[in-house]
Structures are given as structure tokens and as C-alpha cells.
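Load the model, which is a predicted one, and keep a selection panel open. The stops below give what to select and what is there.

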Amino acid sequence: EMHTTQVSYRQLDIAIRNALRLSGDPAVAFRAGQRMHVTAYGMYGYALMSSATYAEVRDFSNQYIGVVGPLCAATYSSDGATVVCTMEPLHWLDPAEEAYRFATEFSLSAHLTTIRDLAGPSFGFSRIAIDYAKPIHAQTYEDIFECPVLFGQAGTDYWYELAKADGPVALADSRTHRMAREMCDHLLTEVNRAG
């Protein structure tokens with residue numbers, strides 16, 4: 001039986017507010033997200049790494065992201081040339097709130113780190129839309145993502161060219177993927193039961 005420590009969103013909220021207050025750094029969420037390599041996600045990460053194709057990676061993420069207790073819900077779609085990921089903080093509802101911004105910044109940064117682990121260090125987003133007003137550290141967004149970032153939009157999304165993460169995944173392994181998926185199924189059932 002796999003040992004898993006469960007953390008409530010209430011506890012996460014306290015940790016986020018403490019991090020913002022104690023660090024004195026408005027961009028602390030970005031640095032935390034940059035540490036979220038694909039292996040940091042346990043079985044979910046191994047399932048991503050062992051997926052046959054990048055399309056399978058996106059489908060798997062759409063179905064199983066809940067197992068990692070994400071700060072933001074994230075959904076991928078593609079029109080055949082571009083991929084868009086729509087994000088929404090799960091437990092913070094007010095875009096004007098610091099914790100809401102933290103959840104968004106952490107998630108954007110973590111997504112970039114994870115996709116680079118799979119697709120290579122040259123991977124990048126082509127643009128980002130953010131649903132809150134431009135923060136004082138807006139320059140950090142440009143520095144980290146190196147693409148246009150638009151604030152005050154209707155929702156939060158990032159786009160990238162499909163060609164930047166397409167076709168077979170380097171570490172594809174069907175046996176590993178099947179095993180990791182089974183464990184994620186089990187975890188997702190538990191997460192859903194626990195609410």
C-alpha cells in the first residue's frame with residue numbers, strides 16, 4: 001500500500017499566505033513552480049513521462065490532474081496547430097486576491113517546468129492571458145515565460161505551437177504507463193471520495 005500524506009486546501013491556503021508574507025517576494029510562486037519537475041509528481045509524473053505521445057500526455061492530464069491536488073484546474077485542447085491550456089484556481093475565487101494570483105503563477109511556472117522536462121529546454125509558451133490586473137512584478141512574467149503576457153483578460157490560458165511538443169515522447173513505455181495509470185486511478189478514487 002502506497003503511503004500518501006494528504007494536505008487540505010485550507011492548509012495549503014495558510015502555507016501560501018505565509019510564503020507571501022514571510023518571503024517578502026511577490027514572485028515567490030514562480031520559484032516554487034520552477035522546482036516542480038515531472039518526477040516531483042510521483043506516479044502522475046511517471047505516467048506523463050511514459051506516455052506514448054504528447055497527445056496522450058494532454059489527455060492523461062485532462063483526466064488525472066486531480067491526483068496531484070493542483071492549485072488550478074487545467075484543461076488542454078488543440079485545433080491541430082496550437083494547444084491551449086485553460087486554467088482556473090480551484091479554491092480561490094477572487095482574482096484580486098494574493099492567494100489567487102499565487103495559485104495561477106505557481107501553476108503556470110510548474111506547467112512550463114514539467115513540459116520542458118518532457119519536450120526539452122527549448123520548449124516555451126507562445127502567449128499567456130491572465131484574468132487579473134497587471135501586478136507590480138509583471139516584468140517577472142516576461143522574464144520567465146519570454147512571450148507576450150496579457151493581463152485583465154476574460155480567463156487565464158496559455159498557448160503553444162503544437163509542433164513544440166508533438167509526436168512520440170522520448171521515454172515512452174507502455175508497461176510503465178499502464179502501471180502508473182492504474183495507481184493514478186486508485187488515487188483519483190480516493191481523492192474524489194475525500195472531496
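**Stop one: the largest pocket**

Start with the largest pocket, which has a volume of about 1,400 Å³. Its lining comprises 50 residues. To place the view, select Gly66, Val67, Val68, Gly69 and Pro70, the lining residues that lie nearest the centre of the pocket. Next, colour the elements that give two or more residues to the lining: helix 1 (9–23), helix 3, helix 4, strand 1 (72–78), helix 5 (98–119) and helix 7 (174–194). Which helix gives the most to this lining? Helix 5 does, with eight residues. Colouring the lining of the largest pocket by class gives 33 nonpolar, 14 polar and three charged residues.

**Stop two: helix 3 against helix 4**

Select residues 43–50 for helix 3 and residues 54–64 for helix 4. The axes of these two helices come within 9 Å and cross at roughly 155°. Angles over 145 degrees count as roughly antiparallel, so helix 3 and helix 4 are roughly antiparallel to each other. Their crossing is right-handed. Now show side chains: on helix 3, pick Tyr44, Ala47 and Leu48, which meet Val57, Phe60, Ser61 and Tyr64 in helix 4. By class, the residues of this contact are six nonpolar, one polar and no charged.

**Stop three: helix 4 against helix 7**

Is the crossing of helix 4 and helix 7 left-handed or right-handed? The crossing is left-handed. For the contact, select Glu56, Phe60, Gln63 and Tyr64 on helix 4, then His177, Arg181, Cys184, Asp185 and Leu188 on helix 7. The residues of this contact divide into four nonpolar, two polar and three charged.

**Stop four: helix 5 against helix 6**

Which residues make the contact between helix 5 and helix 6? On helix 5 they are Arg101, Glu105, Leu108, Ser109 and Leu112, and on helix 6 they are Tyr141, Ile144 and Phe145. Sorted by class, the contact of helix 5 with helix 6 has five nonpolar, one polar and two charged residues.

Key. Residues numbered from 1 in each chain as written. Predicted model: local features only at pLDDT ≥ 70, side-chain atom pairs only at ≥ 80, totals over all residues. Heavy atoms only, no water. Axes fitted to C-alpha atoms, helices over the stretch in contact; angles between N-to-C directions. Helix = DSSP H or I, 4+ residues; strand = E, 2+ residues; numbered from the N terminus. Parallel < 35°, antiparallel > 145°, perpendicular 65-115°, else oblique. Left-handed = near helix turned anticlockwise from the far one by under 90°. Contact = heavy atoms within 4.5 Å. Nonpolar A, V, L, I, M, F, W, Y, C, P; charged D, E, K, R; others polar. 1 Å grid on protein atoms, 1.4 Å probe; cavity = no way out; pocket = protein on both sides within 12 Å on 5 of 7 lines; lining within 4 Å. Points joined across faces, edges and corners; volume = space filled by probe spheres on them.
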